[in-house]
Amino acid sequence: MEPVVVVDRVTKRYGSKPAVRELSFSVGKGEVLGFLGPNGAGKTTTMRMITGFMPPSDGRVLVDGVDMVDAPLAARRKIGYLPEVPPLYPEMEVREFLAFAARLRGVGRRDVEGAVERVSARCGLAGAGTAIIGTLSRGYRQRVGLAQALVHDPEVLVLDEPTAGLDPKQIHETRLLIRELARDRTVVLSTHILSEVTVTCDRVVIISGGRLRAEDSPERLAARLATAGRGSAVVEIETASPAEAAAAALTAAPGVASVNTGSETAEGTVVLQVALEDDEDRRSELARTVLGAGAPLLGLRRAGASLEDVFLELTASEAEDGETA
């Protein structure tokens with residue numbers, strides 16, 4: 001896949017203090033990249049360098065082959081940026097503001113109306129053109145923010161916490177829109193909601209302390225953590241209350257490190273979390289153990305490492321460097 005965004009050995013220093021150190025990654029067309037890191041990791045600094053709001057101290061950022069330092073205006077025309085707080089004028093009407101944003105982004109005078117119509121339809125704003133932005137709900141303001149990032153039809157879309165403050169329905173709609181937008185453009189998405197990355201992103205970059213810690217798909221990152229034996233050798237077994245006999249039998253079974261008993265549900269079922277000593281698939285043996293103890297077996301599944309497990313594993317040892325992400 002031909003890269004559209006290239007971050008090449010980028011370093012950013014504030015005085016003598018490095019916020020980002022020798023960071024390299026790339027994003028291809030049609031790809032949604034999740035950009036993750038704890039507070040102080042250097043995420044905001046990196047996104048500002050990608051979008052041209054600040055230059056790197058060393059290294060370079062290329063957008064569709066254009067160097068952000070050598071030709072900043074040409075590179076920035078290729079980017080649509082939605083910061084965490086959308087850059088809106090609350091006293092303006094939606095249509096008026098989008099037309100203003102289109103002109104700022106270099107859309108030709110004759111094309112402004114069509115561009116506003118296009119992004120209004122795509123972002124669900126077709127019926128809100130005359131609404132005053134300051135009177136809109138949080139969800140609609142977020143849609144206006146996304147529309148201003150798209151109004152000049154950029155090749156790259158950079159989104160910082162695009163679902164922050166939205167209700168579940170709005171979050172679902174925004175995720176679908178992001179996937180749709182990625183069909184013909186590149187998307188870089190920064191978020192603290194790790195479940196959002198799992199369902200939205202094709203690939204994940206995790207940074208900590210200003211350095212790259214991991215880069216892969218969410219599934220492969222979890223698999224790598226599993227292979228290393230740090231978080232996936234757990235089997236969840238659903239049985240009926242009382243679960244003491246099943247728990248005792250499982251605790252004594254070969255290869256079992258520990259058994260944790262969850263709370264009883266309203267239906268009278270209990271989930272036992274069985275941690276194994278290794279990464280062997282012991283589901284058949286565990287099922288026989290539960291049935292041999294005279295307990296019903298209502299469900300059994302192997303619980304893999306989550307993206308949250310991966311994130312915590314890779315960033316737990318890093319001290320925050322003081323940047324607000």
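Student: Why is Y81 called buried?

Tutor: This is a predicted model, and in it Y81 has a relative accessible area of 16%. Buried means under 20%, so Y81 counts as buried.

Student: What makes F53 and Y81 an aromatic pair, and why is the pair called tilted?

Tutor: Their rings are 5.5 Å apart, centre to centre, and the cut-off is within 6.5 Å, so they pair. A search of the whole structure turns up four aromatic pairs.

Student: What does the pair of F53 and Y81 tie together?

Tutor: F53 sits in the loop between α1 and β4, while Y81 belongs to strand β6, so the pair links parts 28 residues apart in sequence.

Student: How do you know that the buried residues of α9 line one face of the helix?

Tutor: In α9 (residues 244-251), A246, A247 and L250 are buried. Looking down the axis, the buried residues fall within an arc of 100°, so they line one face. Here's the background: an α-helix has 3.6 residues a turn, so residues three or four places apart point the same way.

Student: What covers those buried residues of α9?

Tutor: The cover includes β11, β12, β13 and α10.

Methods: Residues are numbered from 1 along each chain as its sequence is written. This is a predicted model: local features need pLDDT of at least 70, side-chain atom pairs count only at pLDDT 80 or more; totals for chains, interfaces and linings use all residues. Side-chain values use heavy atoms; hydrogens and water are left out. Rings of Phe, Tyr and Trp (its six-membered ring) pair if their centres lie within 6.5 Å; planes under 30 degrees apart count as stacked, over 60 as edge-to-face and the rest as tilted. Helices (H or I, at least four residues) and strands (E, at least two) are DSSP runs, numbered from the N terminus. Buried means under 20% relative accessible area, exposed over 50%, partly exposed in between (1.4 Å probe, protein chains only). The arc is that of the directions from the helix axis to the C-beta atoms. Contact means heavy atoms within 4.5 Å.
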